[in-house]
Amino acid sequence: MEQATRTDIETGIQPFQFTGSGGEYFKIWIVNLILGILTLGIYSAWAKVRTNRYFYGNTQVDNTGFEYHANPLAILKGRLIAVALLLIYVLADQLFPSVSAVLALSLLLATPWIIWKSMQFNARMTSFRNVRFGFYGSLQDAYRYLLFIPTIPLLTALLAGIVMWFVTGSPEPGSYVMLAVVAFLVTWLMVPFLQQAITAYYIGSHRYGQGLLQADLSIKRYYLIYLYMMGWSILMFIGIGLVAGVGMMFTGLGMAAMAPAADGGELAQINLAPMLSVIVLIYIVMMIAGIWVKAYLKAKIRNHVFNNIKLDHVMQLQSSIATGRLFGFYLVNMLLMICTLGLAWPWIKVRSARLMADTTQAHLAGSLDEYVSLQQRGQSAIGDEVGEAFDVDANLDLAF
Amino acid sequence: MIKGWLYPADSSARSAAGLSASGERFTVICDGQPNVTGSIRELVVSQRVGNIPRKITLPDRSLFETTDNDAVDELLAATGHRAHRAGILHILETRWQWIAVALLLTLLSGFATVRWGMPWASRELAFAMPARATEAISEQALGILDRTILGESALPVEEQQRLRRHFETTLLPLQHETFNYRLHFRHMSDIPNAFALPAGDIIITDRLIKLADSQEEIDAVLLHEIGHVVHRHGLQQVLHSSFLTLAIIMVSGDASATGNIAVALPVFLLQSHYSREDETEADRYAFERMAEAGIDPVHFSTIMEKISGGPDGDSESDAAGTESQEDADLLKYLSTHPPTPERRLQAEMYSRQFRERLSR
């Protein structure tokens, strides 16, 4: 009997929920902050674990939350390694500039490996219903999507430039400029494709226990989203430009009247106040338009990604966040930050987690009872720590 | 009885279960499964954070998960379990009196760091910076300025040479420190302006030279700029803003936060206050050198009045007040310079002292 009722609860639609509160997290945050200051940053490793545990644990679906298992000591060790590397770099930069260039290049070459290690670490440190996640993406793919493909246009242009130099002897500088412009343009056109490829790699390489996660993302959809975003941006830009032009004309008239006086030796008293207020106004409107564009991109991509995440044939995610709602959310956040000089940060983090949870659902077609944590292959601790140290998950913005 | 879920080791299969304790022993009761029992000391209990589900690992590696955090805490306290001690963090994170203390301490240390710590560190670093580095910074800065807002000077070459000779023979001997001073003449869309770069480059605009009625007035401005160089104000400003940016990234844990207007505003306000003190310091330096060279400090006040009567669209302009009456309110806010009347009073005070000494 017990078995039967449980199955009834578990199939069908399960909404995500965020059960934390801003006030509760504010207290955790402020204690983290002050202990971090008093211990000169050493506590930050513990703070990170407590913060992650708070957000993972309060993100609930199917009557339970996620768990974050990282050991603060491992994170501390990683951060110490990162600080040491940074110190070496700064010292080398001062003493042996040529060595520092080599170091910078090796860091660039190591970045995909660091990100890959960090993905492994973060997946392994996460569990749901007593079963750990895992990341099984290949290092080769990490290099392909994070370093090789993104640099193809620039490398090609570089090669073409060298060939041009050898063949023609001394080509015009203009042709090099053309080459660089084309390379940047192609790189820029590749952004939606790269974002799609990296996201699919990232999600598709995750496992929940023995279960396979996958995301069937459409390249076409990514390009359409970016195309619409460009369209909206151009329309808004033209609109703002028109309004601003009219505004400038009105305030500019006063200046034009004063101009002859300036030439006559007497100094003109230019009334700057209306000019400045128009400029400030344009700046604010541009900023708000920028926020809207950001909200559009994030909402559309997140919905597309989440609507295509599947766990075997058991679970399918669904996201339904509206651009308008996300836009309002960003605006309120900005006002909160300005009015409180940053003290509203914990509430904003909680609001964000709640918004994301509220717009996400899981469709269960079977039982989640069958999953088992896999024993992970031996992995070097140092990689985890370096990956963890650079905290790259925060920088790899896949917009979902 | 604490209610929760029981999971077999490494498995996601769960069943409703209850955990109860008597003395040193615990018992987990689960329908359709044999009871699990053992010593409470053998339980591994996750630390409490807020009200997230608590994880208790049993000796057979199965997991008991519950949301009844208070009951778990009570059990740990009653049996003196080692996880009880780790609960101190949760106590810190929930009692308002501790939160108030933490908030106060955080605000105080944040304020002290920004107000005193960073200026101190910038000052020490600015004075320790090797000449090679300041040369590189200045060269780069002048290059950028030349490509953007500065144009070639329209001043006749003979006039430039005369001013430069005067600068080298009259003003430079007053300096006690060895900087590689160089005087540059530039055009800057009719704005009277002068500014200094860390290595000792001093840039003066055509408009400012045209405004000045005597050599003494130009000297006053140049000495003020040398004051900025000697006190290494430019370097200190650059370092200070780098420290602020770094601190913001560290506190917010987010590099993109620096572009945020909420963050930029306080930084801006702090820095404009900082540079007001710099201006006063450079003024004082100029007054003292002028007295030494036998130039009446009142010339500083005269040239400043002329400059402040004119248009001033550039916030980096030095030696210039920026009040034109109508825009006083807005520009006072944007200005990085002390209000002109204050500086004029200072100049007049030094001028009085100067004349008293002459008449003695």
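## Strand β7 of chain B

In this predicted model, B:Lys55 has B:Glu65, in strand β7 of chain B, as its bridge partner. B:Glu65 is also the bridge partner of B:Trp5.

Strand β6 (residues 54–57) of chain B pairs with β7(B) in the antiparallel sense over 4 bridges. Strand β1 (residues 2–7) of chain B also pairs with β7(B) in the antiparallel sense, over 3 bridges. A hairpin is formed by β6(B) and β7(B), with 5 residues between them; in its turn, B:Arg61 has a positive phi of about 70°.

In a regular strand, side chains alternate between the two faces of the sheet. Within β7(B) (residues 63–66), B:Leu63 and B:Glu65 point one way, while B:Phe64 and B:Thr66 point the other way. All of these residues are buried.

## Nonpolar cores

The largest nonpolar core has 59 residues, of which A:Val305 and A:Ile309 touch the most other members. Helix α2 (residues 22–38) of chain A supplies the largest share of this core, 9 residues. Apart from it lies another core of 35 residues, including B:Phe185 and B:Leu211.

Leaving aside residues up to four places away in sequence, the residues that A:Ile309 touches include A:Ile203, A:Leu213 and A:Met315.

## A nonpolar surface patch

On the surface, a nonpolar patch with about 920 Å² of accessible area together includes A:Leu85, A:Tyr89, A:Val90 and A:Phe96. Helix α4 of chain A gives the most to this patch, with 7 residues. A:Val90 lies in that helix, and A:Val90 is partly exposed because its relative accessible area is 44%, between the limits of 20% and 50%.

Technical notes. Residues are numbered from 1 along each chain as its sequence is written. Chains are lettered from A and ligands numbered from 1 in the order in which they are written. This is a predicted model: local features need pLDDT of at least 70, side-chain atom pairs count only at pLDDT 80 or more; totals for chains, interfaces and linings use all residues. Side-chain values use heavy atoms; hydrogens and water are left out. A nonpolar core is a set of buried Ala, Val, Leu, Ile, Met, Phe, Trp, Tyr and Cys residues joined through side-chain atoms within 4.5 Å. Buried means under 20% relative accessible area, exposed over 50%, partly exposed in between (1.4 Å probe, protein chains only). Helices (H or I, at least four residues) and strands (E, at least two) are DSSP runs, numbered from the N terminus. Contact means heavy atoms within 4.5 Å. Patches are made of residues with over 30% relative accessible area and no salt bridge: like charges are joined within 9 Å, nonpolar side chains (Val, Leu, Ile, Met, Phe, Trp, Tyr) within 5 Å. Accessible areas come from the Shrake-Rupley method with a 1.4 Å probe; for residues, only the protein chains shown count as cover. A salt bridge is a side-chain nitrogen of Lys or Arg within 4 Å of a carboxyl oxygen of Asp or Glu. Two strands pair if DSSP finds at least two bridges between them.
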